[in-house]
Amino acid sequence: TKASDAMAEAIKKLPVKGVWQVYAHKLRAYVIGNDGSPVRPHLMLVISTKDGQFLACEPASGDDEAGGGNVVKDRPTPEALLAFLKRVMTHPRVMNTTAAGEKRKAARPESIRFADTHTASLHLGEKEKWAGETACPYVEGCRAGLAECGVDDVGFAPVPPDLIESIIRAQIEPSMAPDNQEWGTQHLPGLSQSVDGFTDAFGGSLFAAAAEFARVSPWTALAKRRPVQISYRLVLREDVAMRLTAYVSVVGSKEEGSFGFAVHKTLDEAKRAYEVEVRGDAAGDDGETSGESVNGQSCMFASVYETPFEDVDDAERAGWDLAPMEDDPGEFYWPIFCKMAFEKGEGGTEDALSLTRPAIVELQCFELSLKAVVALIKSGELRSVDDENQSAEDGKPRTVQCETFAGSAGSETATIDVEVSLPSLDDSAANEGRDAYL
């Protein structure tokens, strides 16, 4: 447009000052979007690297979102970011230091280096790779428009990690959290940040196994909380191996609005959880059985709004698989892996439930168990609870070969034989009047 051309010509005549790092960052916060649904806003951060000043611009007249503040509700297009940068050149304002809020003399930078959320840490410490990198869409998307303004030196550069942690994480994002935000799974640390040995490859395998579990509606094949025994041999190193046994079960259903997958270390723990499911919480003399049934580990499925931001960002960046919500187009079931410990209050204190992240070996148990259970449900060998053809044969172990990415470097995998069986519940109170194999 003529106005845009005139603005570009005016910017060309401005004095040249400094070097800019421009970072379009998807904030770990939610605001209400234009359609009334929560959205994660984006921060357009302009850093004048030679003097350390963070730059924004004076608000523009009209409703042009990119012409005013540096936080926008949607991911900025290259055109929107370019419009914002032009405004920062012509109407700059300092956001930090003792000069915060002061106007700064209009100027155009010598050069601009771009990064976005997905490329923020790309080639950190490998400066020789920066020049040809075009993974950040703003490098090519803004190049022509900036050249018209006399800024020809445009490229990519990653963002210093301490800038993200000390400024964005510690200052900007907390200021956007609502005062009444309740503690929940969203505040669990991310898997890649808190679990030693967690890699993108393992995350991809773990999320894919969880997504397939959600797709097969496992509650149609197994009674809820009915223990399933999982056993496999884990080689820790060439001369050390151990056999791991766990008891897993299906929790809830989509129809109930909440579902997932539980892992218990002992059959007694798994049976207690099953008894509570079958008989109800009132069965316990003083509620202890109900409380104890909470102990263990689970993968519960939730909306993106309940999922730790780190997991969401890692999944989007690495392209991990997610199962779509059939009744809510565009939304997905996000797996949340956690360990739960119930502590009964004593002396008048309240009961407490703590949530933490499983270790890598425990997450591997989820990976293998989910894959094995899904494979047997698909083959029909783990049949529906009301299948007339079920028999005591169902108690016999079946072996499923599953790939694990745990402890892998890159895309290395190991194939592990996972033994799956339905243990007898003969001595379980929940099993009164039922067959031993459901």
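**Figure 1. A cluster of aromatic rings in the predicted model.** Ring pairs join Phe198, Phe202, Phe207, Phe213, Trp219, Phe259, Phe261, Phe301, Trp320, Tyr333, Phe337 and Phe366 into a cluster. Rings of Phe, Tyr and Trp (its six-membered ring) pair if their centres lie within 6.5 Å; planes under 30 degrees apart are stacked, those over 60 edge-to-face, and the rest tilted. The search of the whole structure finds 13 aromatic pairs. This is a predicted model, in which local features need pLDDT of at least 70 and side-chain atom pairs count only at pLDDT 80 or more, while totals for chains, interfaces and linings use all residues. Residues are numbered from 1 along each chain as its sequence is written, and side-chain values use heavy atoms, with hydrogens and water left out.

**Figure 2. The ring pair of Phe259 and Tyr333.** A pair of aromatic rings is described by the distance of the centres and the angle of the planes. Phe259 and Tyr333 form an edge-to-face pair, with 5.0 Å from centre to centre and 75° between the planes. Phe259 belongs to strand β12 (residues 258–264) and Tyr333 to strand β15 (residues 332–343), so the pair links distant parts of the chain, 74 residues apart. Helices (H or I, at least four residues) and strands (E, at least two) are DSSP runs, numbered from the N terminus. Phe259 and Tyr333 are both buried; buried means under 20% relative accessible area, exposed over 50%, and partly exposed in between (1.4 Å probe, protein chains only).

Figure 3. Phe337 and Phe366 are buried. Ser298, in strand β13 (residues 296–302), is buried with a relative accessible area of 5%. Leaving aside residues up to four places away in sequence, Ser298 touches Phe261, Ala262, Ile336, Phe337, Cys338, Met340 and Phe366. A contact means heavy atoms within 4.5 Å.

**Figure 4. The kinked helix α4.** Helix α4 (residues 161–176) has a kink of about 40°, centred on Ile168. The bend at a residue is the angle between axes fitted to the seven residues ending there and the seven starting there. Leu163, Ile164, Ile167, Ile168, Arg169, Ile172 and Glu173 are the buried residues in α4. Their cover includes β1 (19–26), β4 (42–48) and β5 (53–57).

**Figure 5. The side chains of Gln53 and Arg104.** Gln53 is part of strand β5 and counts as buried at 16% relative accessibility. Its side chain is joined to that of Arg104 by a polar contact of 2.5 Å. A polar contact is a pair of N or O atoms within 3.5 Å; within protein, one must be able to donate a hydrogen and the other to accept it, and residues adjacent in sequence count only if both atoms are side-chain atoms.

Figure 6. Cys57 counts as buried at 0% relative accessibility, and Cys402 counts as buried at 3%. The search of the whole structure finds zero disulfides, a disulfide being a pair of cysteine sulfur atoms within 2.5 Å.
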